[in-house]
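These are my notebook entries on one structure.

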Amino acid sequence: MGDIQMYNFKVTSIIHDYEVHFIDSLKQSIDSVLMEGDYIIIDNIVKDLYDEYLQDALDTHKFIGIDANEKTKSYQGVESVIEELIQNGFRKNHRLVAIGGGITQDVTAFISSIMYRGVNWIFYPTTMLAQGDSCIGSKTSINFGRFKNQVGGFYPPSYIYIFPPFKDTLKEKEIRSGMGEMLHYFIVSGKEDFDFYRDTFKAAFTEKDALSGIINKSLEIKKRYIEIDEFDKKERQVFNYGHTFGHAIESLTQYRIPHGIAVSYGMDMSNFVSVKMGLIPSEVRDEIREVTSYIWEGYPIDDIDIDTYINALSKDKKNVGMQLGLILNKGYGNIFKNLTDSDKTFREWIEEYFLNELK
Ligand SMILES: NC(=O)c1ccc[n+]([C@@H]2O[C@H](COP(=O)([O-])OP(=O)(O)OC[C@H]3O[C@@H](n4cnc5c(N)ncnc54)[C@H](O)[C@@H]3O)[C@@H](O)[C@H]2O)c1
Ligand SMILES: [Zn+2]
């Protein structure tokens, strides 16, 4: 209990400050936190899996179960949720309580930000990605039809309650994805934090305390950046490290490769390009690759077509004119944005990566 309390912290936000609490009993927390009028928005899978802990809350509060997919998380998909809330007496002084992963978070955050000019909301993140990354940072984007994350803003919850054992029911792929997503924070932060991650992450796949430590550290690093650049104008952009390369992998594999695994490949590709440009010695890339290759094990990407891949990179929203807005590596704690020409040399590097570096 003492250990878990130690992890709690507050995030300062331009919209309103909010608190992150690590909890060791889901039922106790839910039963004591929820108040009359609170309306639960819950991932249907989580609802079934955690039935015994949630039953009392679901019996005493109104709730809407959602299917956690990208279609639900869309401008069109939230319509029915909003309609149900209005029809069932949800009021401005009531709160929404999200229980689920990043999808449930984005749906609830978006609705909270627009209903009655803003209602308070609370979040119980249930995936590793949501616990170790997305739960803080205030972003609320949802999809518009098939266009991903095109509509939204910034609107944090009031409280976030992290229950690390939610990991126990996640699919292995989701665990790898969460571990990969958290890794990029540690490299952006510096060598000491990277070493901590490298020495702890294997244990975090199975041990609760190791996992809590990594989640906590990941959020602590992210907190430092969002508190100075909440609206993602400048400093926060380094967290796109691995993401330009990664998004192209996600979309070209039709999301067979989940986000955090794609980001792990993306970080390695960014490091590969950084070595080619003489920004880091190959030893740095090799050291990070020992971790990333462990994370992507069992999820190969060697079927991606190189031309299609380069074409996908050219669509990234961070590009300026004909140049790619890549986040590159000058060393631990020295990740930076670089406008890179998508020329013949760059193409040769990508080709070399796909042909030689994935073995
Ligand atoms: N707002 C942000 O800052 C932010 C940041 C990163 C990602 N995202 C968004 O988050 C979404 C991805 O979220 P995610 O990776 O957390 O996954 P998710 O919400 O899509 O959930 C993944 C799967 O796991 C299931 N699930 C959730 N919790 C579970 C549990 N404890 N046990 C078993 N199954 C469980 C879900 O039903 C779903 O099938 C994307 O839409 C992405 O765009 C948002
Ligand atoms: Zn990410």
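Entry 1, helix packing. Before reading any angle, I noted that axes are lines fitted to C-alpha atoms, for helices over the stretch in contact, and that angles run from 0 to 180 degrees between N-to-C directions. I also kept in mind that the model is a predicted one.

I looked up helix H12, residues 259–276, and helix H15, residues 344–356. Their axes lie 11 Å apart, and the packing angle is about 130°. Angles over 145 degrees count as roughly antiparallel and those from 65 to 115 as roughly perpendicular. H12 and H15 are therefore oblique to each other. I recorded their crossing as right-handed.

I then turned to helix H8, residues 172–189, and helix H13, residues 282–296. Here the axes are 9 Å apart and the angle is about 160°. H8 and H13 are therefore roughly antiparallel to each other. Their crossing is left-handed.

How many residues surround ligand 1? I found 23, and the closest are Asp43, Gly102, Thr126, Thr127 and Thr169. By class, the shell has 8 nonpolar, 8 polar and 7 charged residues.

Which elements supply at least two residues of this shell? I listed helix H3 (44–49), helix H6 (102–114), helix H7 (128–134) and strand E8 (147–151). H6 gives the most, with 4 residues.

I looked up the side chain of aspartate 43, where an N or O atom is 2.7 Å from an oxygen atom of ligand 1. For glycine 102, a polar backbone atom is 2.7 Å from an oxygen atom of the ligand. At lysine 139, a backbone N or O atom lies 3.3 Å from a nitrogen atom of ligand 1. On its own, ligand 1 has 860 Å² of accessible area, and the protein covers 84% of this.

Notes
Residues numbered from 1 in each chain as written. Chains lettered and ligands numbered in written order. Predicted model: local features only at pLDDT ≥ 70, side-chain atom pairs only at ≥ 80, totals over all residues. Heavy atoms only, no water. Near = heavy atom within 4 Å. Polar contact = N/O pair within 3.5 Å; in protein donor to acceptor, adjacent residues only side chain to side chain. Areas by Shrake-Rupley, 256 points an atom, 1.4 Å probe, with all protein chains shown as cover. Nonpolar A, V, L, I, M, F, W, Y, C, P; charged D, E, K, R; others polar. Parallel < 35°, antiparallel > 145°, perpendicular 65-115°, else oblique. Left-handed = near helix turned anticlockwise from the far one by under 90°.
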